[in-house]
Amino acid sequence: FTTFFKKTYRFLRYNLYHLTAVSRNISGFGFCEKDTIFALSTPHGKSAISIIRISGEHALSALHALLQSTNRVTPRRAVLRKVFDPTTLEQIDRAVVLWFPRGGSFTGEDTVELHL
(Lines give C-alpha, C1' and ligand atoms only; values in the text may rest on other atoms or scores of the structure.)
Protein backbone atom coordinates (compact mmCIF):
# COMPACT_ATOMS: atom_id res chain seq x y z
CA PHE A 1 0.00 0.00 0.00
CA THR A 2 1.07 3.55 -0.62
CA THR A 3 1.68 5.97 2.20
CA PHE A 4 -1.34 7.95 1.04
CA PHE A 5 -3.58 4.91 1.15
CA LYS A 6 -2.41 4.05 4.67
CA LYS A 7 -3.02 7.60 5.93
CA THR A 8 -6.41 7.83 4.23
CA TYR A 9 -7.44 4.43 5.55
CA ARG A 10 -6.41 5.40 9.10
CA PHE A 11 -8.31 8.68 8.88
CA LEU A 12 -11.47 7.02 7.59
CA ARG A 13 -11.34 4.20 10.13
CA TYR A 14 -11.04 6.64 13.04
CA ASN A 15 -13.28 9.49 11.87
CA LEU A 16 -16.16 7.57 10.33
CA TYR A 17 -16.67 5.85 13.66
CA HIS A 18 -17.03 9.23 15.36
CA LEU A 19 -19.15 10.74 12.56
CA THR A 20 -21.65 7.91 12.79
CA ALA A 21 -21.69 7.49 16.58
CA VAL A 22 -24.77 9.71 16.87
CA SER A 23 -26.72 7.81 14.23
CA ARG A 24 -25.53 4.34 15.28
CA ASN A 25 -28.16 1.92 16.53
CA ILE A 26 -26.74 1.25 20.01
CA SER A 27 -29.06 -1.66 20.78
CA GLY A 28 -28.32 -3.53 17.55
CA PHE A 29 -25.33 -5.51 16.42
CA GLY A 30 -23.29 -4.94 13.29
CA PHE A 31 -24.21 -2.25 10.83
CA CYS A 32 -27.41 -0.29 10.92
CA GLU A 33 -28.88 1.42 7.90
CA LYS A 34 -27.42 4.82 8.88
CA ASP A 35 -23.79 3.73 9.18
CA THR A 36 -21.22 5.32 6.89
CA ILE A 37 -18.83 2.67 5.62
CA PHE A 38 -15.72 2.61 3.47
CA ALA A 39 -13.87 -0.11 1.64
CA LEU A 40 -11.15 -0.71 -0.86
CA SER A 41 -12.92 -1.67 -4.07
CA THR A 42 -9.85 -2.74 -6.04
CA PRO A 43 -8.05 -6.04 -5.44
CA HIS A 44 -5.22 -6.16 -2.92
CA GLY A 45 -1.74 -6.28 -4.36
CA LYS A 46 0.11 -4.24 -6.94
CA SER A 47 -1.95 -2.06 -9.24
CA ALA A 48 -1.76 1.30 -10.96
CA ILE A 49 -4.54 2.79 -8.83
CA SER A 50 -6.55 2.01 -5.73
CA ILE A 51 -10.20 2.97 -5.41
CA ILE A 52 -11.71 3.63 -2.01
CA ARG A 53 -15.50 3.90 -1.80
CA ILE A 54 -17.23 5.70 1.06
CA SER A 55 -20.98 5.16 1.33
CA GLY A 56 -23.54 6.51 3.77
CA GLU A 57 -24.93 9.59 5.43
CA HIS A 58 -21.51 11.11 6.23
CA ALA A 59 -19.66 10.26 3.01
CA LEU A 60 -19.60 13.86 1.81
CA SER A 61 -18.36 15.10 5.22
CA ALA A 62 -15.47 12.64 5.05
CA LEU A 63 -14.62 13.85 1.54
CA HIS A 64 -14.63 17.50 2.66
CA ALA A 65 -12.28 16.62 5.53
CA LEU A 66 -9.85 14.91 3.15
CA LEU A 67 -9.98 17.77 0.65
CA GLN A 68 -9.85 20.44 3.38
CA SER A 69 -12.62 22.21 1.54
CA THR A 70 -16.33 22.73 1.84
CA ASN A 71 -16.61 23.64 -1.84
CA ARG A 72 -19.29 21.55 -3.41
CA VAL A 73 -18.19 18.70 -5.64
CA THR A 74 -20.30 18.41 -8.79
CA PRO A 75 -22.26 15.14 -8.76
CA ARG A 76 -21.07 12.42 -11.15
CA ARG A 77 -18.14 14.48 -12.43
CA ALA A 78 -14.58 13.23 -12.03
CA VAL A 79 -12.24 15.95 -10.77
CA LEU A 80 -8.59 15.92 -9.78
CA ARG A 81 -8.16 17.30 -6.25
CA LYS A 82 -5.39 17.63 -3.69
CA VAL A 83 -5.90 15.34 -0.72
CA PHE A 84 -4.72 16.31 2.76
CA ASP A 85 -4.11 14.52 6.02
CA PRO A 86 -6.86 16.13 8.15
CA THR A 87 -4.81 15.95 11.34
CA THR A 88 -1.58 17.56 10.07
CA LEU A 89 -3.02 19.42 7.04
CA GLU A 90 -0.10 18.03 5.03
CA GLN A 91 -0.86 17.39 1.36
CA ILE A 92 -0.40 13.67 0.91
CA ASP A 93 -1.48 13.07 -2.68
CA ARG A 94 -3.79 13.97 -5.51
CA ALA A 95 -6.80 11.85 -6.38
CA VAL A 96 -9.58 11.70 -8.90
CA VAL A 97 -12.74 12.25 -6.85
CA LEU A 98 -16.34 11.36 -7.71
CA TRP A 99 -19.49 11.99 -5.68
CA PHE A 100 -22.79 10.22 -6.32
CA PRO A 101 -25.63 11.80 -4.29
CA ARG A 102 -28.23 9.65 -2.55
CA GLY A 103 -30.96 8.37 -4.77
CA GLY A 104 -28.66 8.38 -7.79
CA SER A 105 -26.08 5.88 -6.60
CA PHE A 106 -26.11 2.09 -6.78
CA THR A 107 -26.72 1.77 -3.03
CA GLY A 108 -29.23 4.62 -2.85
CA GLU A 109 -26.94 6.44 -0.38
CA ASP A 110 -24.39 9.22 -0.78
CA THR A 111 -21.31 7.56 -2.25
CA VAL A 112 -17.80 8.96 -2.75
CA GLU A 113 -15.03 7.36 -4.78
CA LEU A 114 -11.35 8.23 -4.35
CA HIS A 115 -9.13 7.03 -7.24
CA LEU A 116 -5.59 7.09 -5.89
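Contact here means heavy atoms within 4.5 Å. With that in hand, welcome to a quick tour of this predicted model.

- Strands β4 and β5 pair in the antiparallel sense over five bridges.
- For L98, the bridge partner in β5 is E113.

**Helix α2**
- The buried residues in α2 are A59, L60, A62, L63, H64, L66 and L67.
- Just after α2 comes Q68, which takes a positive phi of about 55°.

- As background, side chains of opposite charge can pair when their charged atoms come close.
- R53 and E113 meet through their side chains in a salt bridge, at 2.7 Å from N to O.
- That pair links distant parts of the chain, since R53 sits in strand β2 (residues 51-55) and E113 in strand β5 (residues 111-115), 60 residues apart.
- R53 has 39% relative accessibility, so it counts as partly exposed, whereas E113 counts as buried because its value is 11%, under the 20% cut-off.
- The side chains of R102 and D110 also meet in a salt bridge, here at 3.9 Å from N to O.
- R102 is exposed, with a relative accessible area of 58%, while D110 counts as buried at 9% relative accessibility.

**Around S105**
- You will find S105 in the loop between β4 (91-100) and β5.
- Although it lies in a loop, S105 counts as buried because its relative accessibility is 14%, again under 20%.
- Leaving aside neighbours within four places in sequence, S105 is in contact with F100 and T111.
- S105 and R76 are 29 residues apart in sequence, and their C-alpha atoms are 9.4 Å apart in space.

Key. Residues are numbered from 1 along each chain as its sequence is written. This is a predicted model: local features need pLDDT of at least 70, side-chain atom pairs count only at pLDDT 80 or more; totals for chains, interfaces and linings use all residues. Side-chain values use heavy atoms; hydrogens and water are left out. A salt bridge is a side-chain nitrogen of Lys or Arg within 4 Å of a carboxyl oxygen of Asp or Glu. Helices (H or I, at least four residues) and strands (E, at least two) are DSSP runs, numbered from the N terminus. Buried means under 20% relative accessible area, exposed over 50%, partly exposed in between (1.4 Å probe, protein chains only). Two strands pair if DSSP finds at least two bridges between them.
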